[in-house]
Amino acid sequence: MASEYTTSEYIKHHLTNASMCTTENGIAFNKACADAGFWQWHVDTLAWSIGLGLLFLFIFKRVASKATTGVPGKMQAFVELVVDFVNDNVVSTFHGKSALIAPLALTIFVWVLLMNLMDLVPVDLLPSIAGLIGQYGFGMDPHDVYMKAVPTTDLNLTFALALGVFVLIIFYSIKMKGIGGFTKELTMQPFGHPIFIPVNFILETVTLLARPLSLALRLFGNLYASELIFILIATIGYFQLPLHFAWAVFHILVLPLQAFIFMMLTIVYLSLASEDH
Amino acid sequence: MNINATLIGQFIAFAVFVWFCMKYVWPPLMAAIEERQKKIADGLAASERAEKDLELAQAKATEQLKEAKAQAAEIIEQAKKRASQLVDEETQRGHAEREKIIAQGYAEIDAERNRAKEELRKQVAALAVTGAERILQREINAEAQADIVEKLVAEL
């Protein structure tokens, strides 16, 4: 914890994304973007998430293109373990043929897990490095340099994932049941009488929307809360060390669990969408 | 914490990642895993088959060994039988040979004895004649008295 901060400033600083926007004067950052509204970019979230995604794809692609059907190497064995784990879950949950579901589940699981694991990086490390680079590289006030390194604590990311899942839910619903079937599902359930169409429609729409919304908010909420606790622990002085350790050990469980839940629910939702009731 | 354009960027990134994973990562990995599973299954099946074959071969070998033993015993039995038969035959032949040789010996002895008898008779006859000549002090026509001599000889 840098000494010149007050506690609330410190927490606020650590929970603010580095944002970028275009103004009349060209590209601007952070505080200059306060009025930019929708058209600003969280460059830290984008950089970390895309970087981690590329890392995942790079490793898996390299293993995939060198994959041997004989005795696998250690890396291939590990990758196959992950792939097999995801595939088992997909096969046991999604009854149907789809070339998309399994790779989707794998991408979600590994990518979200990698982003979650950023939570275990000491809370001050990346913001401090970013601050030093900002201060000495660009002559900025380190207080104005933000770096939120856990992409899953950014609602934009979790909503982007959920939006992707939502698009696929709609896509699979229409593909499997047709537009008519999908419309009927939205309007003739749970009460099978034309009088209830408006009520049914409201209920079913809420059900439909609740799925991606809960996906996004669950992941965001869990990770945001755990990151917040890490930051809070970081404000209490030397006692933070055992506490940090305990909280980090706990998150060895929580972080993969959240990634797993996101993957599992995605499979379940898509399975529901592609089944006739 | 506000929703902004990052959402769009993340959505695009997500879509691209999933597409890439679906196109280039999942199929070769799955193919490798399934190929290996098939190989292992084949190997297990082959080993099971080999085990069965081995069992079969062992049973067959035991069977053949038993058969061979039986055959050997039979052959030995036959050989023994044949040997005793041979011995019997040889013994019989030996006996016959002995009898024959003995009979021959007897016959030869008989012939020899007869010849000796004849010689003796002749000599005795000659002696008798000489003896008679001396007794009678006279010349006796041996030929004229041959019938008497013959009679004498026959009486010997």
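The legends below describe close-up views of a predicted model.

Residues are numbered from 1 along each chain as its sequence is written, and chains are lettered from A and ligands numbered from 1 in the order in which they are written. In this predicted model, local features need pLDDT of at least 70 and side-chain atom pairs count only at pLDDT 80 or more, while totals for chains, interfaces and linings use all residues; side-chain values use heavy atoms, with hydrogens and water left out.

**Figure 1. Chain A and its elements.** Chain A contains eight helices and three strands. Helices (H or I, at least four residues) and strands (E, at least two) are DSSP runs, numbered from the N terminus. Their order from the N terminus is α-β-β-β-α-α-α-α-α-α-α. Along the principal axes, the C-alpha atoms of chain A occupy a box of roughly 65 × 55 × 40 Å. Chain A has 277 residues, of which 45% count as buried; buried means under 20% relative accessible area, exposed over 50%, and partly exposed in between, with a 1.4 Å probe and protein chains only. Of the contacts in chain A between residues at least 6 apart in sequence, 69% link residues at least 24 apart, a contact being heavy atoms within 4.5 Å.

**Figure 2. The largest pocket.** The space in the largest pocket amounts to about 480 Å³. On a 1 Å grid over the protein atoms alone, a pocket is an open set of points with protein on both sides within 12 Å along at least five of seven lines, whereas a cavity is a set of points where a 1.4 Å probe fits but cannot get out; lining residues have an atom within 4 Å of a point. Grid points are joined across faces, edges and corners, and a volume is the space filled by probe spheres set on the points. The lining comprises 20 residues, and those nearest the centre are Lys12(A), Thr16(A), Asn17(A), Lys31(A) and Tyr146(A). Two or more lining residues come from each of α1 (7-14) and β3 (40-42) of chain A, and α1(A) gives the most, with three residues. By class, six lining residues are nonpolar, nine polar and five charged. Here Ala, Val, Leu, Ile, Met, Phe, Trp, Tyr, Cys and Pro count as nonpolar, Asp, Glu, Lys and Arg as charged, and the others, Gly among them, as polar.

**Figure 3. The second largest pocket.** This pocket has a volume of about 380 Å³. It is lined by 17 residues, with Ala18(A), Ala130(A), Val145(A), Tyr146(A) and Met147(A) closest to its centre. Helices α2 (43-65) and α5 (125-138) of chain A each give two or more residues to the lining; α5(A) gives the most, with six. The lining holds 13 nonpolar residues, three polar and one charged.

**Figure 4. The largest nonpolar core.** A nonpolar core is a set of buried Ala, Val, Leu, Ile, Met, Phe, Trp, Tyr and Cys residues joined through side-chain atoms within 4.5 Å. The largest has 66 residues, and Phe60(A), Val83(A) and Leu106(A) touch the most other members. At least two residues each are supplied by α2, α3 (74-93), α4 (101-117), α5, α6 (155-187), α7 (197-233) and α8 (240-273) of chain A and by α1 (6-136) of chain B. The largest share, twelve residues, belongs to α4(A). Leaving aside residues up to four places away in sequence, Val83(A) touches Phe60(A), Leu106(A), Trp26(B), Leu29(B), Met30(B) and Ile33(B).

**Figure 5. Salt bridges.** Over all chains, the structure holds eight salt bridges, each a side-chain nitrogen of Lys or Arg within 4 Å of a carboxyl oxygen of Asp or Glu. Arg36(B) and Glu80(A) form one of them, with the closest N and O atoms 2.7 Å apart. Arg36(B) is in helix α1 of chain B and Glu80(A) in helix α3 of chain A, so the pair joins two chains. Arg36(B) is buried at 13% relative accessibility, and Glu80(A) is buried at 8%. Arg93(B) and Glu90(B) also form a salt bridge (3.2 Å, N to O). Both lie in helix α1 of chain B, three residues apart, about one turn of the helix. Arg93(B) is exposed at 55% relative accessibility, whereas Glu90(B) is partly exposed at 43%.

**Figure 6. The largest cavity.** The whole structure contains one cavity of 30 Å³ or more. The volume of the largest cavity is about 90 Å³. Among its 13 lining residues, Val123(A), Pro127(A), Ala149(A), Val150(A) and Glu227(A) are the closest to its centre. Nine lining residues are nonpolar, one is polar and three are charged.
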